[in-house]
Amino acid sequence: QVQLVESGGGSVQAGGSLRLSCAASGSISSVYGMGWYRRLPGNERELVATITSGGSTNYGDSVKGRFTISRDNAKNTVWLQMSSLKPEDTAVYYCNADVRLTTLSRLNFWGPGIQVTVSS
């Protein structure tokens, strides 16, 4: 149906930056909200940032002012620019998309996750 392909993760020192990308492909009619969530070691998945098709954004409290989410609706792609990274940002980051399929069903999809490691 729909595949979300994430890229851009890796390891960085504290204070550094990384940019995550997520491209949605498949039987897509339109993509509504897209976003990033993360699973911290030993914790539940938490909100990092979301963005609507109109460009409205929402951020988790722990990343406000450091992370920026953006998207290209024509490419069904969302990015997460992460700056001033801290060791506590270390997590598996998951892309999420709310998709209207060509079958007219509306479903929510997750990417497989990508590791981000920030060392002190």
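This text walks through a predicted model of one protein, from its overall build to a single residue.

The protein is built from strands: there are 11 of them, and 0 helices. Along the sequence, the order reads β-β-β-β-β-β-β-β-β-β-β. The radius of gyration is 14 Å, close to the 14 Å that the globule rule gives for 120 residues, so the protein is as compact as a globular protein of that length. Taken along the principal axes, the box filled by the C-alpha atoms is roughly 50 × 25 × 20 Å.

Next comes the way the chain packs against itself. Of the contacts between residues at least 6 apart in sequence, 55% join residues at least 24 apart. Of the 120 residues in the protein, 42% are buried.

Asn76 sits in the loop between strand E7, residues 67-72, and strand E8, residues 77-82. Is Asn76 buried or exposed? Its relative accessibility is 17%, and because buried means under 20%, Asn76 counts as buried. Leaving aside residues up to four places away in sequence, Asn76 touches Cys22, Ala23 and Ala24, together with Ile28, Val31 and Met34.

Note on methods. Residues numbered from 1 in each chain as written. Predicted model: local features only at pLDDT ≥ 70, side-chain atom pairs only at ≥ 80, totals over all residues. Heavy atoms only, no water. Helix = DSSP H or I, 4+ residues; strand = E, 2+ residues; numbered from the N terminus. Rg over C-alpha atoms; globule rule 2.2 N^0.38 Å. Buried < 20%, exposed > 50% of the residue type's maximum accessible area, 1.4 Å probe, protein only. Contact = heavy atoms within 4.5 Å.
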